[in-house]
Amino acid sequence: MSPLLAVEDLSVTFARNGVLSRLLNPVPLPGFNVIDGVTLSLMPNETLGLVGESGSGKTTLARTILGLVRAAAGRIAFEGRDVATPADFRAMRRRSAMMFQDPVASLSPRLRIGALLTEPQVIQGVPMPDRRAAAKALLALVGLPSSLVDRYPHELSGGQARRVGVARALAMKPHLLLADEPTAGLDVSVQGDVLNLIGELKRELGFAAMIVTHNLAMIRHVSDRLAIMYLGRLVETGPTQDVFSAPMHPYTATLIRSEPIPDPRRRSLRPAVTGEIPSVFRRPAGCEFHTRCPIVRERCKTEAPAYRPMGTDRMVRCHFPLQKGGQEREAFSHASVNQRGN
Amino acid sequence: MSGSLVASDLSVRYQTPHGSVYALRHVDIEAHPGEVIGIVGESGCGKSTLVTALANLLPANAHIDGSIRYDGVDLAKLDAHRQRLLRGDEIALVSQDPMTAFNPVLTIGDQLVDFQHHRNDLGRAQKRARIAAMLDRVGIADAERRMRSYPHELSGGMRQRVAIAAALLTDPGLLIADEPTTALDVTMEAQIIHLLRELRREYNGIIIVVSHHLGVIAELCDRVYVMYAGEVVEGGEVDAIFHDARHPYTQALLACDPARFHERLDRLPTIPGSLPSLTQPPPGCVYAPRCNRAFAPCSTIAPPLVTLSASHVARCHAVTR
Amino acid sequence: MTQWKMDRRAFLKAAGALGAGLAMKPGFAWSAVGDTLRIRMEGDLQCLDPAFMNGGIEDVMMRGIYVSLNHFGDIRKGSPWSLWGAEKLEQKDPKTIAFTLIDGLKWSNGFGAVTSDDVKFSFERIADKARASPWAYQFEKLDRVEVVDARNGIIHLKEPYQPIFVTSLPYYGGHIISRAGTEKAGGKFTTQPPATCGPYLFSDWQQKQKVTLTANPDWPGPKPDFGKVEIYVVSDDQAAQLAYEADAFDYTKIAISATKAVKANPPADTTLIEAQSTRYVWLTVNMLSPRLKDLKVRQAVQYGVDVGQILTGVYDDLTKRSTGVVQPGTKFARASNLIAAPDYEKSAALLKEAGVSDLSLTLTVMNDSIRTATAQIIQASLEQAGIKVEIQPYDEAAFWGVGDKTQGEGYKNIDLALMDFAGGIDPSENLVWFRPDQIGAYNWSGFDSPEFETSYQQLVAESDEAKRIALSNRMEDLMEQSGGFVFICHQPLVAIHKASLDPVIYPDGHPNPVLFKKKA
Amino acid sequence: MSSVAEASLSTPDRQRFVLLRALLADPFTCVALILVAGFLITAIFAPWLAPYSPVKIDVLHKLQPPSMEHWFGTDHLGRDLLSRVIFGARTALTIAMVSVAVAGAIGLVLGLIAGYGPRWLDAILVLTFDSLNSLPMIMFALAIITVLGAGTGTLIIVIAATSFPSYARLIRAQTLALKNSDYILAERLLDASAARIIFIHLLPNVVGPLIILLSMDIPVVIMVEAGLSFLGLGVRPPTPSWGSILYDGYTSIRSAPFMVVFGGLPLVLATLGFTFLGEGLRDYLDPRLQLRRPA
Amino acid sequence: MLAYAVKRIGLGLLILVLVMVAMYAAVFLVPGDPATVALGPRATPELKRLLIERMGLDQPVWWQIVEFFRNALTGNLGYDVWSNRPVSTLVLQALPNTLILGLTALAVALLIGVPLGCLSVMRRGTAADAVIGVLSVGVIAVPSFVVAIYSLLLFAVTLRWLPAIGAGEAGDFISQAKALVMPAAAIALGWIGYIARMVRASMMEVMGEPHIRTARSFGLPEWKIVSKYALRIAIIPTISLVAVGLGSILSSAVFVEAVFARPGIGKLITDAVNTRNYPVVMGTVLIMTAIYVSITIAADLLIARLDPRVRDVFRG
């Protein structure tokens, strides 16, 4: 089966200066890469979790794929065809959709929900005999009462807004859904709602999803594959279960280990990683993670590791990937303590 | 008990143009020196109001009932001046968002010197020396340079360390950490949790950790109060709450946390329904409308606080000893 | 020709009497005025070269620092002229005037004695067309100045020109400058005169604030009363009046609108001067305008303006209606206007006769308070006559551009314009602007009368007073009959001064500080 | 385009009353509302309220102090000052509202273009706004007035031309901020046309702060009108205007000091009213909106 | 920061050029010329032509602009049509008076307005806040010339405490200071209102920020929170306001300068405009715009100094 979306060696560079200062400074300052050499693919109907901490470039990557941010290098292919010109991106956007991190902010505040829901059809010239009815149908699809058609976005609760976001994204029956932090800011008792809804609709409508998140606990339940980003580069990809059970990149292991466990009997003894995330403005030489890596070696400090396949379905960017049962794994073992229980 | 904090029958309501909002109702909590108390709940449960009330920072439109006794003194009855004198001396707050908690145009050192204003006995140089030592202790290398930095020059994690240092500098008897890790990335969160846990070994006062994150509470606290819609619905030892939760809300909340499941779930558990209105709280149990174990009296009669063990209480008609 | 001398003699008598009066009271104490005279002017100085000066403060300063052959007496005494820099000034025949400079006149900055050659230089310099002095017209009829010896000279005119004694010699054009000094300065100067010879020296200038003149020790003539003259620059009449009340000066012109209040409640130790200035105000009715081509329509306007209301409303009845452009009260003034009172019915009838209904005219006016107030009264009174008027205010510069034919055809489109000119005391000075060649320049009425032109030429050449009176009266009749003019008034001149001094004001409304006297 | 109007202006009734009630809750805003309403009523019903004609000249009774006949006294041409003040409200409010609306509209369009258009166009427009702002107002005003001739229309043009750059800058800043907001990104993802984004999604959101700003600028414009009329460059006489009353009052300050008071008082009250109303609106609608420099 | 300054100055120069071009366009449009004004009813066509040639007004507009800038670069701003003195001298003589007036007025306004704004915030909702609120809008609404006139009546005419007119004797500091009191007060009064309101508004906003809560949670006294923690941020918009304000004061001082007969730039430019003394108009506008632009740049740099966040953006 051919991938629905293929991204190869994609880079995004942010210029350091505006037009005028470029005029005034004869020597332009070098830009910096916020996305650097990202290669990944997404199969039809697959759910990919794109995981990273803030500043890792995951949101930018999602926006670049949809053509909101211009790529400096690399290639994007959608449904087997290259996407390069603005027209290509327009065509691609007609078959894909994006859900934004802040659902209320992504809805035009002065329009009513009914107008917002049917806007994609209006823009794309889909004939609609009755806009209101169409809007109500969409509301019903995402399990919201039809009375919401006359509401304004700010009158919705977080969960409702999220559902409207889903309805709007799926109104045009896309083949690809990009969801940016679909549960950020939601309480645990509500976040399941949205994810379950996406899951249901996915089964019903059949589309591929790329979920951008930093929430490991959530993503392990909803994604088929994971891609881990660090400082604008992918450090590891692989099937979700495999990545969780046996992370290969020390950073992946660190992320998993850092997640606090809601069980007082299994408290961690020490933090999995020390130090701060470096800035993309000052990328460390060699492997970006070497400044914080618990198993860093000399080679890591000078030589950047290649992004290479490990086994059938995994890629990793590390000179010394963790092996199952390997010694280095000790450094990441989930040492825990039960202070009161013993 | 000296140095203890006891809030009894504490209620807070806000006067707004749209009527009164009953943000906190009949809350009883207690905390003793050396303890780390967790307050957990989802948005709208009243935990922020509770923190604000404990730190005497309620806005002018808030009306407070009941008492907050700290070291035998009722904080709610103190005049504004006495309240202010307590703040930053006996009571210290580490607030939610390290990005905005510091004044952006003053250096870290400058602000931390000001925060020690109760220490009239110390000169500026001495205060700076204390800051340097404290920054070092919270794991900030190169303290002298950091004191000359402005907040935006520090990363989020570092700022939260500074916030903790600032609180500790005042030697408080009561340290309130309001969502101390919410704004941080997971690797930073782990580091701050670790820092707080290390600090408590040397610290004898009360620490109150407020969070919506069950993992953070589990990692840090000795005792936990679970809040829902302005009420404390369950309280007890951390182990009891996480392993022997009795209130249906606590149970449902725990059940929703995907971090508790290692195998992939096809459907994530949720709590159906929505929060009751805080302007007109229901007469009976606040959780009754969403409770799968609710029965006749739940919707009409407010449940009593049932003592389940020496330290374990739950506000529910359905629980029994 | 003789009246000038008679005037002079009369003045000398009066001056002698005054001098005797002063001599009888030696060493009396000055009540409020010290040795410094503080007077206020409106604008700052820009050029002290008599050929290129602009007026106002410069005019006043020059009276102190330069010398002219003769000078005026106070306007309230009819502005008689008397000898000043000349000890003799004699009209030998209609085209020759002999003069003798007083002894001892000396230039400052070491330029030696003042000679008749300097007089020649000064007068001929202004008259020189190539130099393009705006005041060249004052010496338009000058042929040359003949130098007889150091102190004696003869002024030769091209043709008889009676007004020279009052229009040229005592004013700016008549001020004598040093040939040597001017040539050394490169032939021109602005704010730093190379040499002065008057009773005062130009000692200090604080831009836009104040000019200080101090007594010239080398001055050979009668010592002025004040050792120092400070001229303050205050453009606003209100501010000046308040400053006067705050004891900032001893003499200031005040706003006409303030007169009534000052009269009713004058500041302490203050005397109010009310005089008639030479500034004449009239309403221009432009016969070139398509709406006013018909004489009847113009006459309707003439009948429709209630000048009495203007005099009361704007001028507080401080002045009387003019019968023309010539100064009222002088021998040359017309006895009365042909249309002496408004007649709205007559006005309406004339319009009807002309077959005009719904006449709507624009009144072009400068945007200051006196002029807009006048315009509004005109508007209201013409409204009663059934003529709608829209007021179109302009700032000064734009206003003068409206009637200027060099700026396009706009001058033919003016309907009504409220105008005022500073005049002189000879009728010719006031009538000259209405000659046919002034159409599109200053004759905004489009008044084109060949008879007026011939009369004008006769007027300036004629020396017989009765004939001159008849001529000028006839000319004003012509103006009024054309329907192009509604004569309003000669503006009152209102000033206040410390009661302890005795000011002298020239016909142009500006004081001559040299002649100010302290009094008991 | 009708959907634009619908989107920006239609407010459910309940919301409208909420706004009014909220405005009335604050004592200042309440007083301000009364003042503004008072001036509006005065302006609208001037012909019925004024005891005399504002242009009726009666030179025999000029500069009379306040009396039973003439409550505010008479001016330098004997016109009833109260009537002139009442009609002056009409002049002031008309000029203020029209010129502010014109300036607002120009500012809105140019600001949207600058904010949403290409960067080079933005640079040119911003430079234009800044240059206009740096131009000495008096010279600029004089140029327009002398070319067009003084009068109400000219005054409106002058005020609009000198004040639109600041509105355009506000709109531009707002547009720039919104341009990268999620919902505009979302619209771009839906391939909404630039016109649709500008008119349906940006416009209704930038217009709110603009309206607040405009309402706060009305008193400023009233002052400017008074100032220009004071310079004799304002409305054509005999149109009553507070500024010309002030000027006439100034020229007779010693004989009729009350004229300055009666010319200045409505100006002060109107300024107070509109300013507090504008602030009340801002506090209620958009507390974060920054105050601007005085004109 | 340096790059930023360079950029701002470059933009400023561009604005300067644009303003001058606009001014020439205005001159081109405005009817009337100096000859007609000054010579009044006595000007002959030849004389007018001569003056117009002398001022180069017969040249094409673009040529005049190029000439102007060419001369300006060598420090020659042209010559007064009447007195033939260099325009630069005229402006430099008038400028100090206006600058001193404007700066004093603003300094006074800041010294009174800022504390008033702070007081208003500290006592928000009380009668004091209300009184300050009404007073500040009230003083903004009173035209400055009315203040000028009445203070002149009171302090100069009735009480005779202060001189009525002028800028004081040259070199006599006391007399200059005395002459400054009333004009400065007349201008400052409105600005006190503006600044108090501005400070209050931005202060209210800052007081709602989390870092103020932090400062409160450490029990810092309210005055310290207001004066140190909030004011440092709240003053920033006020600085821009004052910068723009100084620019407008310089040209709007004309009323006050007229009432107190104070020589200054406002008077210089209005007189020049009224008499169509174009070299003076152009030279004055150039210098005034340059000052205005530099003040704005200086204010931006000052803001960058005061706000380390902005500073770092420029550094990066």
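## Nonpolar patch on chain D

I41(D), I44(D), F45(D), W48(D) and L49(D) make a nonpolar surface patch of about 570 Å². Patch residues have over 30% relative accessible area and no salt bridge, with nonpolar side chains (Val, Leu, Ile, Met, Phe, Trp, Tyr) joined within 5 Å and like charges within 9 Å. Accessible areas come from the Shrake-Rupley method with a 1.4 Å probe, and for residues only the protein chains shown count as cover.

Helices α3 (27–44) and α4 (46–49) of chain D each supply at least two residues of the patch; I44(D) lies in α3. Helices (H or I, at least four residues) and strands (E, at least two) are DSSP runs numbered from the N terminus.

## Basis of the model

This is a predicted model, in which local features need pLDDT of at least 70 and side-chain atom pairs count only at pLDDT 80 or more, while totals for chains, interfaces and linings use all residues. Residues are numbered from 1 along each chain as its sequence is written, chains are lettered from A and ligands numbered from 1 in the order written, and side-chain values use heavy atoms, without hydrogens and water.

## Chain A with chain B

In this interface, 42 residues of chain A are in contact (heavy atoms within 4.5 Å) with 47 residues of chain B. The buried area, meaning the accessible area (1.4 Å probe) that two parts lose on being put together, summed over both, is about 4000 Å², and carbon and sulfur atoms give 48% of it.

Between these chains there are 3 salt bridges, a salt bridge being a side-chain nitrogen of Lys or Arg within 4 Å of a carboxyl oxygen of Asp or Glu. D239(B) and R265(A) meet in a salt bridge at 2.8 Å, N to O.

## Chain E with chain B

About 2300 Å² is buried here, 59% of it from carbon and sulfur atoms. On the chain E side, R213(E), F218(E) and Y229(E) lose the most area to chain B, together 30% of what that side buries.

The salt bridge count between chain E and chain B is 4. K228(E) and D114(B) meet in a salt bridge at 2.9 Å, N to O.

## Salt bridges overall

Over all chains, the whole structure has 83 salt bridges. In chain C, D247(C) pairs with R38(C), with the closest N and O atoms 3.1 Å apart. D247(C) lies in the loop between α6 (237–245) and β11 (251–253) and R38(C) in strand β1 (residues 36–41), so the pair ties together parts 209 residues apart in sequence.
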